[in-house]
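Please look through the structure shown below, and keep it in view as you read the paragraphs that follow.

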Amino acid sequence: MTSLPPHAAPGGLVDRFGRRHTDLRISVTDRCNLRCTYCMPAETIFRPREELLSFEEIARVVAVAAGEGIRTVRLTGGEPLVRRDLDELVRRLVKVPGIEEVAATTNGLLLAEQAERLAAAGLARLNVSLDAVRPEAFERLARRPGLEQVLAGLMAARRAGFEAIRINAVSIRGLSEREIVPLAEYCRREGLHLRFIEFMPLDAEAAWDDARVLTGAAVRAILERAFGRLEPVPRADPGQPAVDWRWPDGTGLVGFIDPVSHPFCERCDRLRLTADGQFRNCLFSTTEWDVRRLLREGGTDEAIAAALRECVAAKRAAHGIGAAGFERPARAMYQIGG
Ligand code: SAM
């Protein structure tokens, strides 16, 4: 690794609560080819192209952030694969000194076309979001067809050499219960690591309420009725929000990300960069730090690093879902970058 630039924070990006930040989630677009009910509105107007950071701008921010201690980057959106030539961005980011891994989270619709190019560019890991494997349920949740494409995309990703692909499924009371077992059967059959994520108050239509959160414990109970008793697995990576359990027949793992019932804020090591160039210190942050203005108005690398450090210094102890005075962020998940 090259030495740190002169402006670098000597101890890394450590906040008031001692949390060290090494992971940057970068949204490359707010556009998406699905309209999932828990994330997007049915109809929307996306940001004009010129408001999105260019690949050059993203690469510059990542280079500065790496100097401050960021080590891993995950590309997200919106749907990252709808951003043209995403592999080109990956190719640039893997070369940034200090960056050890570039990963992506995708809905998988365009994976069949792009998996090989992304792998060749150096993309290390893929998370694919998939909530249901019954076509009518997929369409009800995503408000668009596409299940066959996603399944084909998953197989293409495998062939392209992606290993340990994770499947992320949002679980919503009243919508997901019937999907859990078929989805688990599919993932077990295909050897895919399935993880359930609790529904968070980040949906554009503001339909979230506490009663609609199907907790990880409730999902686990459904799985145990179908498959037998799951065994908890000690957490290997402390930064990892998922708690893994082992299928009773030892065939692999199923994970639970429970931000509502078991917040993991005390272990959070993430920062975010929105597609329109704002740093955020939390999905639920109500403040943003405008890095696009710095990039476009002649700001120095030191000024970008200072914005990142300020963003970290202002991070709250916890997201506060369920606490008195909790305020939903003004932006929905697809506008922040999940
Ligand atoms: N389009 C890509 C995808 O589908 O993975 C990347 C962006 S998407 C916003 C990232 C993740 O956020 C997906 O796994 C999605 O299911 C999850 N997500 C979106 N809205 C959510 C919500 N309200 N609560 C929990 N997870 C949510």
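A residue is called buried when its relative accessible area is under 20%, exposed when that area is over 50%, and partly exposed in between, with a 1.4 Å probe and protein chains only. This is a predicted model, in which local features need pLDDT of at least 70 and side-chain atom pairs count only at pLDDT 80 or more, while totals for chains, interfaces and linings use all residues. Residues are numbered from 1 along each chain as its sequence is written, and side-chain values use heavy atoms, with hydrogens and water left out.

We can begin with one helix. Helices (H or I, at least four residues) and strands (E, at least two) are DSSP runs, numbered from the N terminus. Helix α7, which covers residues 216-227, has 12 residues and reaches 16 Å from its first C-alpha to its last, close to the 16 Å expected at 1.5 Å a residue; the expected span is 1.5 Å times one less than the number of residues. Which residues of α7 are buried? They are Gly-216, Val-219, Arg-220, Ile-222, Leu-223 and Phe-227. Because they cover an arc of only 160° around the axis, they lie on the same side of α7, the arc being that of the directions from the helix axis to the C-beta atoms. What covers these buried residues includes the strands β7 (166-171), β8 (193-198), β10 (243-246) and β11 (253-257), together with the helix α6 (177-190). Just after α7, Gly-228 takes a positive phi of about 100°.

Most residues other than glycine have a negative phi. Asp-85, although it is not a glycine, has a positive phi of about 60°; Asp-85 lies in the loop between β4 (72-76) and α2 (86-94), and at 42% relative accessibility it counts as partly exposed. Arg-143, also a residue other than glycine, has a positive phi near 55°, and Arg-143 is found in the loop between α4 (135-142) and α5 (147-159).

The loop between β4 and α2 also holds Gly-78, which counts as buried at 15% relative accessibility. The C-alpha atom of Gly-78 is separated by 6.7 Å from that of Gln-335, although the two residues are 257 residues apart along the chain.

Gly-78 leads us on to the ligand. Of the 17 residues around the ligand, Tyr-38, Gly-78, Glu-79, Ser-129 and Met-200 come nearest, where a residue is near a molecule if one of its heavy atoms lies within 4 Å of it. An N or O atom in the side chain of Ser-129 is 2.5 Å from an oxygen atom of the ligand, whereas Met-200 places a backbone N or O atom 2.9 Å from a ligand nitrogen atom. Taken alone the ligand exposes 550 Å², and the protein buries 94% of that, with accessible areas coming from the Shrake-Rupley method with a 1.4 Å probe. Strands β5 (101-106) and β7 each supply at least two residues of the shell around the ligand.

A last stop is Arg-280, which is found in strand β13 (residues 278-280). Is Arg-280 buried or exposed? At 2% relative accessibility, Arg-280 counts as buried. The side chain of Arg-280 reaches the backbone oxygen of Cys-282 at 3.4 Å and the backbone oxygen of Leu-283 at 3.0 Å.

How values were computed: Contact = heavy atoms within 4.5 Å. Polar contact = N/O pair within 3.5 Å; in protein donor to acceptor, adjacent residues only side chain to side chain.
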